[in-house]
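Open the model in your viewer and keep the sequence panel beside it. We will walk through it one selection at a time.

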Amino acid sequence: MLYRIAKILNHNSFMGIQDENNQECLVMGKGVAFGKKVGQTVPVTAEAKVYSLKEMTERGEAKDILKSVSPLCLEFANEVLNQAEQEFGKVDRTILFTMADHLDFAIRRIQNGE
């Protein structure tokens with residue numbers, strides 16, 4: 001599947017637009033954005049995880065959460081889901097944005113000494 005890069009978050013993730021249906025998504029995987037540029041169209045391997053930005057959570061749209069959450073928290077949440085998938089089989093990956101939001105909030109509280 002081909003994705004056009006809209007915003008690079010770090011070497012392992014970018015916001016993109018799927019070529020086939022113009023759907024916005026978050027693409028995460030080892031080195032998927034390394035050496036890439038905004039506007040570039042890239043193929044994504046099966047190992048990469050793709051999350052729709054149309055997801056709704058109790059805190060709003062995934063796209064809005066993505067703007068306020070650290071990319072490291074997104075990576076950590078994705079890795080937790082990867083480990084859970086290895087341990088238990090199929091997991092509900094739609095919780096990525098909510099989990100990353102909770103992690104980001106907890107980290108900020110710790111940094112503020114709360």
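**First stop: the opening hairpin.** Select S1 and S2: they form a hairpin with two residues between them. Strands here are DSSP runs of E with at least two residues, helices are runs of H or I with at least four residues, and both are numbered from the N terminus. S1 covers residues 2–10, and S2 covers residues 13–18. The two strands run antiparallel and are joined by six bridges; strands count as paired if DSSP finds at least two bridges between them.

Before going on, a word about what you are looking at. This is a predicted model, in which local features need pLDDT of at least 70, side-chain atom pairs count only at pLDDT 80 or more, and totals for chains, interfaces and linings use all residues. Residues are numbered from 1 along each chain as its sequence is written, and side-chain values use heavy atoms, with hydrogens and water left out.

Leu 2 stands opposite Pro 43 in S4.

Now select residues 24–28, which make up S3. Is this strand mostly covered or mostly open? Four of its five residues are buried, so "mostly covered" is the answer (buried means under 20% relative accessible area, exposed over 50%, and partly exposed in between, with a 1.4 Å probe and protein chains only). S3 pairs with S2 in the antiparallel sense over five bridges, and Ser 13 stands opposite Met 28. S3 also runs antiparallel to S5, residues 49–52, with four bridges joining them. There, look for Cys 25 opposite Ser 52.

S2 and S3 form a hairpin with five residues between them. Zoom in on Asn 22, which sits in the loop between these strands. What is its phi? Asn 22 has a positive phi of about 60°, although it is not a glycine. Most residues other than glycine have a negative phi. Asn 22 counts as exposed because its relative accessibility is 55%.

Select Asn 78, which lies in helix H2, residues 71–88. At 8% relative accessibility, Asn 78 counts as buried. Which residues does Asn 78 touch, not counting those up to four places away in sequence? They are Met 28, Lys 49, Tyr 51, Arg 93 and Leu 96 (a contact means heavy atoms within 4.5 Å).

**Last stop: the whole chain.** Zoom out and colour by secondary structure. The chain has three helices and seven strands, in the order β-β-β-β-β-β-β-α-α-α along the sequence. Its radius of gyration is 14 Å, close to the 13 Å that the globule rule gives for 114 residues, so the chain is as compact as a globular protein of that length (taken over C-alpha atoms, the rule being 2.2 Å times the number of residues to the power 0.38). Along the principal axes, the C-alpha atoms fill a box of roughly 45 × 30 × 25 Å. Of the 114 residues, 37% count as buried. Among contacts between residues at least 6 apart in sequence, 49% join residues at least 24 apart.
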